[in-house]
Amino acid sequence: MALTLPAAAAIAVFGTLYGAGARGVMGVPLTLASSLLVFSGALQFALVALLGAGAATLPLLLTACVLNLRHLVLGAALRPRFESGSLRRALLAFFLVDETFGFAIAAGNAAEGRAVGAVTERTLLFSGVTCYVAWLVGTLIGALGGGLAVVESVAGAIFPVLFIGLASLAVTRRSHVVRALAAAVLTAAVALLLPDLRMLAPVVAGVVVALPGGDR
Amino acid sequence: MSPVVLVAIALITYGSRAAAVVLLPRPSPRFETILGRIPAPIFASLATATLLSDGGSLIGGPTLGAAVGALVVSPARSLLVCLIGGAVGYALSALFR
């Protein structure tokens, strides 16, 4: 679980950038409230961009719907591993973001037999709280005028490394490697040909390559 | 943006997270098999997405070096080793830039 700390540090840096950028378009109270209630970096950065461009309410809500579609897939992939009741799952759901999904899946894969459910849930909760606090602290620093621009480049490098590491942990069969490579190529193609759909490309590609064929 | 819109966006976001985790019944074994194939491609796709600029071109510099470093050591199937590989790749790229 200590491996969540580099991701949390990177999230704090991006939280600072978000806080610094958002306070100008929505004010300090709403900037802090947005991180407290929404906890979604991709969506919050998109909202700031839209508000900065003068967007009205409907585009904001539509953007939230579209960008959040990926949570349905992430949640569906995690659901078979959960064993607790609906109330506990409802609490855990708040902490479902790309990074915590990765940590939970990786920890569940490393666990054996009956422990998979408990380990997956515990990891989602721990990594979720860690990343949530990091996002809030970063937002607070940025909204109050602090800056960590010097480390932005290093923080930006953590995410590809993190996701490559998580992909390697999620691979348990040779066919998974082929599917992962196919998804990467598909994502790059979508980003190049349909840049407006870039945010949805990872989940769409993940689902498309998961459907055909069997497992070897 | 008003506080009401913000609350609506927060509800949409939480609803999307809870929909599958809370409301869906446990999937059938066949569907579970398909769901089990999803994580690796999604992570590979997310890694790819973080390496692309807004225009879809590959970003360069130390970030790409970090990704290459992590990719080289990824057969070790260890997150810690990938982080170390990424750090080495980042440092080498920054050094020879």
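Domain bounds, as used throughout this report, come from an automatic or database domain assignment. On that basis chain B is divided into domain 1 (1-37) and domain 2 (38-97), and chain A is divided into domain 1 (4-170) and domain 2 (172-216).

| Chain | Domains | Separation of centres |
|---|---|---|
| Chain A | domain 1 and domain 2 | 21 Å |
| Chain B | domain 1 and domain 2 | 29 Å |

This is a predicted model, in which local features need pLDDT of at least 70 and side-chain atom pairs count only at pLDDT 80 or more, while totals for chains, interfaces and linings use all residues. Residues are numbered from 1 along each chain as its sequence is written, and chains are lettered from A and ligands numbered from 1 in the order in which they are written.

**Chain A**

Helices (H or I, at least four residues) and strands (E, at least two) are DSSP runs, numbered from the N terminus. Chain A has 9 helices and 0 strands, and its pattern along the sequence is α-α-α-α-α-α-α-α-α. Its C-alpha atoms fill a box of roughly 50 × 40 × 35 Å along the principal axes. The radius of gyration is taken over C-alpha atoms, and the globule rule is 2.2 Å times the number of residues to the power 0.38. For 216 residues a compact globule would have a radius of gyration near 17 Å, and the 18 Å of chain A agrees with this.

A residue is buried if 20 or more other C-beta atoms, placed from the backbone, lie within 10 Å of its own. Buried residues account for 50% of the 216 residues in chain A. Two residues are in contact if their C-beta atoms, placed from the backbone, lie within 7 Å. Of the contacts in chain A between residues at least 6 apart in sequence, 73% join residues at least 24 apart.

Between the two domains of chain A, 9 residues of domain 1 are in contact with 8 residues of domain 2. On the domain 1 side, α3 (57-78) and α7 (152-170) of chain A each supply at least two residues, and the largest share, 5 residues, comes from α3(A). For residue classes, Ala, Val, Leu, Ile, Met, Phe, Trp, Tyr, Cys and Pro count as nonpolar, Asp, Glu, Lys and Arg as charged, and the others, Gly among them, as polar. The side of domain 1 of chain A that touches domain 2 has 7 nonpolar, 1 polar and 1 charged residues.

**Where the chains meet**

In the contact between the chains, 57 residues of chain B meet 75 residues of chain A. The elements giving two or more residues to the chain B side are α1 (3-23), α2 (29-36), α3, α4 (61-73) and α5 (79-95) of chain B. The largest share of that side, 17 residues, comes from α1(B). By class, the chain B side divides into 41 nonpolar, 10 polar and 6 charged residues.

Ile12(B) lies in helix α1 of chain B. Ile12(B) is buried because 20 other C-beta atoms lie within 10 Å. Apart from neighbours within four places in sequence, Ile12(B) is in contact with Leu61(A), Ala64(A), Cys65(A) and Asn68(A).

Key:
Buried ≥ 20, exposed ≤ 12 C-beta atoms within 10 Å, placed from the backbone.
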